[in-house]
Amino acid sequence: MTTPEGHAQAPSTDPPLGHFVLLGPGELTVLPIPTGSVTVGRDDSCDLILEGVEVSRRHCQLDFQPSGWHRVVDLGSTCGLFVNGSPVEDADLQPFDRIRVGEFELLYLDSRTSPDDVLRVLAPQEQSDLPSLSPPEQVRGSLRERLTWLTLMFQELRSEDELAPLLDALVDELFRQPACVSRIVIVSLDERTASGLRAVKLRDAPPDHVRAEALAPYMPLVRRALEEDQVLGQETPLGPATVCVPMRSHRRTNERERRRYQPGNTRGALLMSSPGMSLNGEEKRLFQILARQIAVLLSSVKLQRRATTDSLTTLTNRSQTEQILRDELSHSRNSRTPLSVLLIDLDDFKAVNDTYGHEAGDQVLRDVAMRLRCTLRLTDSAGRWGGEEFLAVLPGTDAFGAGMVAEKFLHELRATPMGSHGLSVTASVGVACNPGEAPASAQGVATLLRSADQALYQAKESGKDQFALFDPARRQRTLERTQRLQLRRRHRRAPVAWLVCDQRDPAPLPLGYTSVGRDPASDVCLPSEGVSQRHGVIRVTPRGEITYQACSIGGTVHNGAPVEDHVRLDLGDRLTVGPYEFLLTGEPVSAGQKD
């Protein structure tokens, strides 16, 4: 059997054990899943043929499980197998999972899920460029269709910014007829709280439920629902008829998965109360699928936060802060608005760790991060830059405004001692401003950070516990000074004069000191018994004056006269060191050539 899109399927007289909905532009296509093991690929021998460039000849295989769902196994495909955006080798599928095979995306439905209901929900979404947070008119009637729509919406969205409006849409739909829910509490397990639970979303719940301690009565019900993996009902503080739907983001497919730690795993429950609420078996099943999609979204947000947040201070980490700065710099250029940064470094922080220990130092860093966060606006960003350094990004703020923010932050640090030891901590702040013309590139970011770092160095040089604005004129003076020092160093090693001798190669005399002796470490090594280990030192001053300082008694003759202490040398002078007779010249020529 061949589909209108050119995807073929082996004919079968048995009822299908599930369906795939082929997603993408154009008309949605439903592909029945036959009985037995089903191979998917572009080879003609496969049960489900997908003709695509990125599809392997035998891409994956579906095996029916006693649970009523399928298990998908990668058959060594070239481009890999993806379930809900994550690469897998094998995974137990659940309804509404999305499988990517090459360039094709398939929505998995089990045998109890009607593909007609899904098509009725998906068709309006496929025709729109932007997902809507309200269901289309044709699916607002039955609770089953609305739960299907909500499940597909949670499957589609994965970012933290979309979490709050999506949960609001979920609650709004459950409060409408025919569900008629009166109270909702969504909780997740959290060992850091006193009750072991944390409220994710509340609607018309008792006011004290915002505190974790008030959620303790729900723990036995949530634990039992998760263990039995069933929708349970029980009287709770939420109401006499409370429905508890378990949430679990990760599926444990085998014993190895049970033992392995899964980062970002989210477990919890969807608690609903309604005096006249009665759910049939299909609605309970859809609620469980929906609860799992909520847990998957919460897990995705948790992993995203973990990847972009510093665990100690809860500020953004360096990579995320740098990305924020890059985005804000691009916006500054496009909108022609200023952008300022504060580079903050705690003064003498090493002494805190050495005196009071790293635990006290960690507490100081947390307190500093909290005060920095309280100093900034909601539109500003702050991140831990590394060690005891922090970076604040202030969009739409010029240098004067950034200086006021820096002074306010320093005042907050001085106002109250920090940590259990009551430590007085100060900081130095470097302020740099981009007027809105820097290119949105790595070079622009690097230039702004370099300017803030130079301003921070200036604040440290001026006595610490203060801020300094970046001064372009000071930067130019620093650059010129650096160039002069580099030029001076190069000239310092350039030869000013030469000691030429017929017995060895010419020896250069640069600015500074040049040692002469038998020691191999000497600048002018003379391997002879008539020369001391450290025979003498020749000094060349910046004015061009050359002097010889004798370090041994006897053995050195200047123009025929013995040298006892030191003597001034001029070009053309002859200096005898042991058996070696040198001529002081301005160029590296031999004594014979000079004569």
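Start by selecting Leu81: it stands opposite Val88 in S9. Leu81 belongs to strand S8 (residues 81–83), which pairs with S9 in the antiparallel sense over three bridges. Strands here are DSSP E runs of at least two residues, and helices are H or I runs of at least four, both numbered from the N terminus; two strands pair if DSSP finds at least two bridges between them.

A quick word on the ground rules. This is a predicted model, where local features need pLDDT of at least 70 and side-chain atom pairs count only at pLDDT 80 or more, while totals for chains, interfaces and linings use all residues. Numbering runs from 1 along each chain as its sequence is written, and side-chain values use heavy atoms, with hydrogens and water left out.

Now show the whole open sheet: six strands in the order S3-S2-S12-S11-S8-S9, with antiparallel pairing. At its edges sit S3 (29–32) and S9 (86–88), each pairing on one side only.

Next, pick Leu107 and Met272. Of the 33 residues in the largest nonpolar core, these two touch the most other members. (Such a core is a set of buried Ala, Val, Leu, Ile, Met, Phe, Trp, Tyr and Cys residues joined through side-chain atoms within 4.5 Å; buried means under 20% relative accessible area with a 1.4 Å probe, protein chains only.) Color helix H6 (residues 281–308) too: it supplies the largest share of this core, eight residues. Domain 1 (18–115) and domain 2 (160–252 + 263–307), with bounds from an automatic or database domain assignment, both give residues to this core, so it lies between them.

Last stop: another core lies apart from that one, with 29 residues, including Leu312 and Phe409.

Methods. Buried means under 20% relative accessible area, exposed over 50%, partly exposed in between (1.4 Å probe, protein chains only).
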